[in-house]
Amino acid sequence: NASNAVGGIIYELKLPTDPREIVTKYGHLWSSDKHHMSKYGHLKVASEMKELIQQHYNNNHNNHHHRLGVWDTDDWCQSWFTHGRIAIPHEPQVTINEFSTKKFALEFPQDGGSF
């Protein structure tokens with residue numbers, strides 16, 4: 001996984017696999033549209049991420065193994081989330097999918113794809 005190559009950490013919201021349990025015990029984490037997180041959901045994620053970062057810092061503070069790279073002058077950021085347009089050349093099997101009204105995701109085939 002790409003995070004291992006750079007010493008990254010992946011955060012994952014831990015939830016049970018049973019949808020009924022998610023709704024009854026964790027339903028308050030989502031807004032009424034059941035797609036976006038509620039205020040409580042955002043607070044939970046923020047709290048867990050803060051704890052994760054603090055643990056990582058405490059575990060690595062004394063070994064001086066901090067990775068800080070240099071940004072290339074050609075680096076830039078682009079978002080396609082709200083309009084579905086992307087100017088980055090990509091393989092034809094990488095597609096833009098409108099998964100909700102005016103919300104777009106970049107989809108990669110299971111065997112991968114690249115920009």
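**Backbone and charge pairs**

Modeller: At 59% relative accessibility, Lys34 counts as exposed, because the cut-off for exposed is over 50%. Please bear in mind that this is a predicted model.

Colleague: Where does Lys34 lie?

Modeller: Lys34 belongs to the loop between helix H2 (19-26) and helix H3 (39-60).

Colleague: What is to be noted about the phi of Lys34?

Modeller: Most residues other than glycine have a negative phi. Lys34 is not a glycine, yet its phi is positive, at about 60°. Lys102 also is not a glycine and has a positive phi, of about 55°. Lys102 sits in the loop between strand E1 (95-100) and strand E2 (103-107), and with a relative accessible area of 61% it is exposed.

Colleague: How many salt bridges does a search of the whole structure find?

Modeller: Side chains of opposite charge can pair when their charged atoms come close. The search of the whole structure gives four salt bridges. Among them is the pair Glu21 and Lys25, at 3.3 Å from N to O.

Colleague: How far apart are Glu21 and Lys25 in helix H2?

Modeller: They are four residues apart in helix H2, so about one helical turn separates them. Glu21 is partly exposed, at 28% relative accessibility.

Colleague: Which residue forms a salt bridge with Lys14?

Modeller: Glu12 does, with the closest N and O atoms 3.9 Å apart. Lys14 is exposed at 59%, and Glu12 is exposed at 51%. Another salt bridge joins the side chains of Asp18 and Arg20, at 3.4 Å from N to O. Here Asp18 is partly exposed, at 26% relative accessibility, whereas Arg20 is exposed, at 63%.

Methods:
Residues are numbered from 1 along each chain as its sequence is written. This is a predicted model: local features need pLDDT of at least 70, side-chain atom pairs count only at pLDDT 80 or more; totals for chains, interfaces and linings use all residues. Side-chain values use heavy atoms; hydrogens and water are left out. Helices (H or I, at least four residues) and strands (E, at least two) are DSSP runs, numbered from the N terminus. Buried means under 20% relative accessible area, exposed over 50%, partly exposed in between (1.4 Å probe, protein chains only).
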